[in-house]
Amino acid sequence: MLKFDNSYARLPERFFTRMQAQPVSAPSLLKLNDNLAAEIGLDADWLRSEQGVAMLAGNALPEGADPLAQVYAGHQFGGWSPRLGDGRALLLGEIAGADGSHWDIQLKGSGPTPYSRAGDGRAWLGPVLREYIISEAMAALGVPTTRALAAVSTGDIVLREDRFPGAILTRVASSHVRVGTFQYFASQQDSDGVRTLLNFAIARHYPQLQADDAIGFLTAVVEAQAALVAKWMGLGFIHGVMNTDNCHVGGLTIDYGPCAFMDAYNPAKVFSSIDQFGRYAYGAQPEILVWNLAQLASSLLPLIDDDMDKAVEAAQAALHMFGPAYTARWQDVFFAKVGLAEGGDAEITLVQDLLTRMSENQADFTLTFRGLADGGARDQFVDPTAFDEWAAAWRQNSPDTDLMNATNPAFIPRNHQIELAIKEAVEGNLSRVNRLNTVLSTPFVAQTEHADLMAAPQTQELVHQTFCGT
Ligand code: AMP
Ligand code: MG
């Protein structure tokens, strides 16, 4: 059964609002992640039981839970929101491992909280299944991420553009501390709050650091986030809402709203319907990340040094490490993608030349890289000779096929496939959701019987926009 520790609930009262989930009418289990349950020591059979499903729907409270909604703030599209917080989510509690690890168990779509503002605190089936499929695919692709333990339907209707079936996602993560959580306390000149949060985050994510080591923490977040975004770039992943409240201090991908993987390579690609000016375009992600990290740095200033000038200097030095850290991680990723264990300036130029040719030829990002190992890459180019010219130079480096196949997935959660799977799920048929989820659990394995899920969308299948769905 469940052994809850509630370390966040033991933080000062101003960190959250204690509350219960709002019951739903007819909970029913849609998906359960057996592997993840095992990994965090939960009994999958119990989770499937009536009691288990009641917990996953917020209808029954497990013993020892002390549920709460967390408060945070954040910059959304650059505009400051002094108070956000879990507006449709509840932290039920934390599962503590014998090794001291903690897993937050959070219900997303569990009803209104004091932080809901205008929203109803609910979620519908579409975004819940989207997050389930994509976050689990990200984990299988080797990207740090929040996880999906379960999805339940609620039996209630949620009103959005239309009437949709309501659902709740059980999200699991090593914490839900965001840059925006630091900003919340900093913006209230609450240095004690920032310090308490810092020490919570250090214990959770960077236990090698001493308590109160604000600059060590900032440096660690800079490095973790640089590595994370380099991984996104290597997969053609566009987060879509890199607001500071969606920027995790443990370096996890969090908040799968309008995110999407691009098909044809285009550095300016944007999917999100609300990202009118391309602030969070694929190619803008590293720069936006630096902006977010600067917000974290400024929230930490009072803890870095009593002398403000010295604090600013130290914070800037930590932020300046982003450039070299990101470049190094980006090179690790892209050298491996073209089959090189290492490289220098000539290899950087080689990779960049390929990317330029891909964008000029509307080459599918995933299939081009996957196709480097089996000769399929040139078919992705409108003008295949553009690839041939590049490949002649590339082959001189004797690229490593195994390295490429372990780095370049055959399968990504393609937008058009997710939308099709959701459409069928709304009609009551989960088979496509299940199939996508299964195939994406081993994305580097060539599963030829699932070639249809590998394919790029036909013109009429292209999905041009994604929505937050909130
Ligand atoms: P997001 O864009 O998903 O990061 O959400 C931004 C903020 O809006 C967060 O504080 C959410 O809790 C809140 N929010 C999103 N959807 C809803 C909803 N349906 N009801 C209440 N609050 C919401
Ligand atoms: Mg969010």
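Visitor: How many cavities of 30 Å³ or more are there?
Guide: The count comes to two cavities of 30 Å³ or more. Please bear in mind that the model is predicted.

Visitor: What volume does the largest cavity have?
Guide: Its volume is about 60 Å³.

Visitor: And which residues line the largest cavity?
Guide: The lining consists of Gln225, Leu228, Trp232, His239, Met242, Asn246, Cys247, His248, Leu252, Thr253, Ile254 and Asn292. Helix H7, residues 214-235, gives the most to this lining, with three residues.

Visitor: What about the second largest cavity: what is its volume, and which residues line it?
Guide: The second largest cavity has a volume of about 40 Å³. Gly234, Leu235, Lys337, Phe365, Thr366, Phe369, Asn408 and Pro409 form its lining.

Visitor: Moving on to pockets, what volume does the largest one have?
Guide: The largest pocket has a volume of about 790 Å³.

Visitor: How many residues line the largest pocket, and which lie nearest its centre?
Guide: The pocket is lined by 37 residues, and Tyr72, Gln76, Arg88, Asp255 and Thr470 lie nearest its centre.

Visitor: Where does the largest share of that lining come from?
Guide: Helix H4 provides the largest share, three residues. Strand E8 (102-108), H4 and strand E11 (163-173) each supply at least two residues. By class, the lining of the largest pocket has 14 nonpolar, 11 polar and 12 charged residues.

Visitor: A change of topic: where does Arg204 lie?
Guide: Arg204 lies in helix H6, which covers residues 191-205.

Visitor: Is Arg204 buried or exposed, and why?
Guide: Arg204 counts as buried because its relative accessibility is 15%, and buried means under 20%.

Visitor: What does the side chain of Arg204 reach?
Guide: The side chains of Arg204 and Glu94 are joined by a polar contact of 2.6 Å. The Arg204 side chain also reaches the backbone oxygen of Ser174, at 2.6 Å.

Visitor: Which residues does Arg204 touch, not counting those up to four places away in sequence?
Guide: On that basis, Arg204 touches Ser7, Glu94, His102, Asp104, Ser174 and Ser175.

Visitor: Let us finish with helix H15. What span should its 12 residues have, and how far apart are its end C-alpha atoms?
Guide: H15 runs over residues 415-426, so at 1.5 Å a residue it should span 16 Å. The end C-alpha atoms are 17 Å apart, which agrees.

Visitor: Which residues of H15 are buried, and what do they pack against?
Guide: The buried residues are Asn415, His416, Gln417, Ile418, Ala421, Ile422, Glu424 and Ala425. The buried residues of H15 pack against strand E9 (123-124), helix H4 (125-140), strand E13 (260-261), helix H16 (431-439) and helix H17 (451-454).

Visitor: Which residue just after H15 takes a positive phi?
Guide: That residue is Gly428, with a phi of about 100°.

Terms used: Residues numbered from 1 in each chain as written. Chains lettered and ligands numbered in written order. Predicted model: local features only at pLDDT ≥ 70, side-chain atom pairs only at ≥ 80, totals over all residues. Heavy atoms only, no water. Helix = DSSP H or I, 4+ residues; strand = E, 2+ residues; numbered from the N terminus. Expected span 1.5 Å × (residues − 1). Buried < 20%, exposed > 50% of the residue type's maximum accessible area, 1.4 Å probe, protein only. Contact = heavy atoms within 4.5 Å. 1 Å grid on protein atoms, 1.4 Å probe; cavity = no way out; pocket = protein on both sides within 12 Å on 5 of 7 lines; lining within 4 Å. Points joined across faces, edges and corners; volume = space filled by probe spheres on them. Polar contact = N/O pair within 3.5 Å; in protein donor to acceptor, adjacent residues only side chain to side chain. Nonpolar A, V, L, I, M, F, W, Y, C, P; charged D, E, K, R; others polar.
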